[in-house]
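I opened this one up to see how the chains are built and what sits inside them. My notes are below the model.

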Amino acid sequence: MATRWQHVLGTGLLGLGLLAAGSWVQGWVPDDEDDPGAAPHLRRGAVGDALDLRTATVTVDEVLGSTRVEEFGSELVSPGVWVVVRYTVVASEENTAITFAEMRDDEGRVWGLEGRNSNDCVDSPPGLAAHCTVYVEVPPDALPTLRVRLARLSRDTRFDAVAEVDLGLTRADAATFAAAPTYVVPTATLGDEPS
Amino acid sequence: MPPREPTSPVATLRAHPWLTSAVAGVAVVLVVVTALGGWARSTPEGAVSVAAGTPVEATPFRIRLDEAAATFVHDGRDAEPGLAFVVVEGRLELEAPESVGFTTVTGAITADLTSTYDQFGSPTEEPEAEVTVTADGSTLLGIGPGLVYDVQVTFVVDEASVPERLTVTLLQHARRASALDGELGWFDATPVARVALDVAPLPATRPEPEGF
């Protein structure tokens, strides 16, 4: 007959063994990024292309840049350059906003919405255009291969359609942006833009 | 004298149950700790002392601290009555390829200050750093790759606790999945370097707050 302390010892050993086994197995379990089916569906295009994201159509209208942007009266000075992307969202069947935005270059660098970067967009009802702005600070050497990615959900882009737009910038744009005046970020608007 | 009967190992174990259990327990602990990687040192080289102005690799950042000063006003903001700012000037750069957020930035810097407060004037047990961009005074809530910022790292302390000399500890992080939600992030802050700085003293008098 096993005594009480043997039960305690056995339970403890079993617990430790399971903990060790679980920790070992955890390193072998595939994570979210290992599932190729979960990868975002990239819809690639260029400035001016209307990209269908199923829940909305996204069009990058304009790309601007400066070393200084101003929003809500505060000026932000970048040690690199601010790249400002103006884009239009038209929802397909229900109110939709673009809340995910990031920029990438060919060196594998990714600039998200952390820090001072911002994406200003509003929910747009189906058929009514929302005019939005994302601004991100990047080093000038990123401009020639810089792309913007836009999607519906900022937290999770798995299985979702994601617009990836080549911004078509060049090295010369870095000098142009450096000399540009402060860019005052407009608020997001709905409907036709005033001409 | 009759020859001694050789005892079997099993009989020996049965004869000393507590000793057997203790040895088995120690063996299990050794195996489990080894399996979990618990013998690796968290800071292989330990925190080293570096001189002001020396760049430090504090993964994922490269940080340089130059000088420190105490002040009643920082970026146009007055310290609460009885409190003061200790401001450390330096340079910050992200060496990882993806942007990192606010908690990683502020988690990379601490100091040996006492009687500390948060930026809203509430007492804190540990010094809380606020990192602002020198060029415009904005709070650096995160940082992207390839950008090098001149920054000011600010701590709020009791006016009477402003030191003549300050030791700032820089901490490195490790990239791994969160144990809670599996999200990749920067965790496990460990000291990598200490920078001692003379603190320029407070002005003799506190400036009068500007009226509206």
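These entries go from chain B as a whole to one of its residues, then to the cores and a helix of chain A.

**Ground rules.** I am working with a predicted model, where local features need pLDDT of at least 70, side-chain atom pairs count only at pLDDT 80 or more, and totals for chains, interfaces and linings use all residues. Residues are numbered from 1 along each chain as its sequence is written, while chains are lettered from A and ligands numbered from 1 in the order in which they are written.

**Chain B overall.** I found three helices and 15 strands in chain B; helices (H or I, at least four residues) and strands (E, at least two) are DSSP runs, numbered from the N terminus. Chain B is more spread out than a compact globule, because its radius of gyration is 26 Å, well over the 17 Å that the globule rule gives for 212 residues. That radius is taken over C-alpha atoms, and the rule is 2.2 Å times the number of residues to the power 0.38. The C-alpha trace of chain B spans about 105 × 40 × 35 Å along its principal axes. I get 29% of the 212 residues of chain B as buried (20 or more other C-beta atoms within 10 Å of the residue's own, with C-beta atoms placed from the backbone).

**Val153(B).** I looked this one up in strand S13 (residues 148-158) of chain B. Is Val153(B) buried or exposed? Val153(B) counts as buried because it has 25 C-beta neighbours inside 10 Å. Leaving aside neighbours within four places in sequence, Val153(B) is in contact with Val88(B), Gly90(B), Ile109(B), Ala129(B) and Val131(B) (contact: C-beta atoms, placed from the backbone, within 7 Å).

**Cores.** The largest nonpolar core has 43 residues, and those with the most contacts inside it include Ala58(B), Ala108(B) and Leu170(B). Such a core is a set of buried Ala, Val, Leu, Ile, Met, Phe, Trp, Tyr and Cys residues joined through C-beta atoms within 7 Å. Elements giving two or more residues to this core include strand S6 (83-94) and S13 of chain B; S6(B) has the largest share, seven residues. Another core, of 42 residues, lies apart from it, with Val60(A) and Tyr135(A) among its members.

**Helix H1(A).** I checked helix H1 (residues 4-26) of chain A, which reaches 33 Å from its first C-alpha to its last, close to the 33 Å expected at 1.5 Å a residue (1.5 Å times one less than its number of residues).

Definitions and conventions: Buried ≥ 20, exposed ≤ 12 C-beta atoms within 10 Å, placed from the backbone. Contact = placed C-beta atoms within 7 Å.
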